[in-house]
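Please keep the viewer open as you read.

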Amino acid sequence: TSGEKSLEKPNATLFLSLYPLYTDSSKGSLSHFFCSVFITEQTVESSILKMINEVSMFMKSEVMSSIEKNPVHSNSTVMAFLIELLDEILAIINESKVLEDQGQEAKGEAQEAVICNALIAFWEFYQNIELRFRQLEGMGHRKIKAAKFEEKSASSNKTVSFEEKIVLSLMKKMRTWFCEGRRGVLVDCLFLLLKNSKDEALAAISQEYIWTSWNSNESEEVLSEMEAAANYLSRGNFSNALGHLKKAIDLDPMHAEARNRLSTVLFMMNDFKESEKEAIKVTELEPRHFGALNGLAMIRMKEGDYSTALKYLKQVASINPWMNASVLRRNMAVCQAALTASMM
């Protein structure tokens, strides 16, 4: 069952996947937390729940501490809403405690449901922080379902400066969490969930976290170039999108997702040779990048190399069987049929 999936014991560097969040306030206590989690816990689900619980408690303490230092803003409806979201996350995680007395099979299924709800609830918190951040930064709006948050934030004009400071702080910490998570335990756990889950909703939210981790970067300049590229791409301006992605890569040659987007734009411009080169570089930086592997398969199919394309598609299926599952199966069938026909 899903509750029996084992997590390989990670090396010491993986314990630091959230370390930068805590260095100022806990002086390194997080490494001890991760040691205790991964030495005593045996399942992927319980490990992720502990991570989300710890980060949610930290975020709540940040908000509460800021309000305590600025009591004049204690009635901020935006801050109250963020605390409400975090309390919902913590309440969901507490549900997992009642599973301990259940049988292993029932426990596994129930725990998978709990982790799905926890991931979705934490995702809502992150999306609301991002929405408010983008409003403060004057960026364009993404399609984020956060009407409740917009309504509450609109009624808080008296505390904009205070809220801005808190939102910027939380957004910075969330970006750090996703950036460090890309190199640590978080994404490793999510990939195991993605590979083994039988729940479509859990697979979908796991993919959202993985993509967000890949998209994250410590540099504001890199993020700005990526944002500009996305805006141009949405308007079909491939040339300008290409230019901004190349600038992002110049700023951070190790940022795999910038290269993946560059590969995608080149593919859309029918420059398959250069697109393939970039996609290969992506897989060298992120061997589990199912998007880049799928892109390589599409290029090989375009070139009539169905044998290599099938190998890439099988890699995608082994890493992320939920990635456009029906399309993935159809492409595998097309490749197999072409190979069979060539042998007749």
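Let us begin with an arginine: Arg 175 counts as buried, at 16% relative accessibility (buried means under 20% relative accessible area, exposed over 50%, and partly exposed in between, with a 1.4 Å probe and protein chains only). A word on the source: this is a predicted model, in which local features need pLDDT of at least 70 and side-chain atom pairs count only at pLDDT 80 or more, while totals for chains, interfaces and linings use all residues. Residues are numbered from 1 along each chain as its sequence is written, and side-chain values use heavy atoms, with hydrogens and water left out.

Arg 175 has a charged partner, Glu 220, and the closest N and O atoms of this salt bridge are 2.7 Å apart (a salt bridge is a side-chain nitrogen of Lys or Arg within 4 Å of a carboxyl oxygen of Asp or Glu). Because Glu 220 sits in helix α10 (residues 220–234) and Arg 175 in helix α7 (residues 160–183), the pair ties together parts that are 45 residues apart in sequence. The helices are DSSP runs of H or I with at least four residues (strands are runs of E with at least two), numbered from the N terminus. In total, the structure holds 11 salt bridges.

Next, find Asp 188 and Arg 288, whose side chains meet in a salt bridge at 3.0 Å, N to O. Asp 188 belongs to helix α8 (residues 185–196) and Arg 288 to the loop between α13 (272–285) and α14 (290–302), so this pair ties together parts 100 residues apart in sequence. Asp 188 is partly exposed, at 24% relative accessible area, and Arg 288 is partly exposed too, at 30%.

Glu 278 is buried, with a relative accessible area of 9%, and Arg 259 counts as buried at 12%. Through shared partners, salt bridges join Arg 259, Glu 278 and Lys 281 into one network.

Finally, which residues of α16 are buried? They are Leu 328, Asn 331 and Cys 335. Seen down the axis of α16, these buried residues fall within an arc of 70°, so they line one face of the helix (the arc is that of the directions from the helix axis to the C-beta atoms). The buried residues of α16 pack against α14 and α15 (306–319), where contact means heavy atoms within 4.5 Å.
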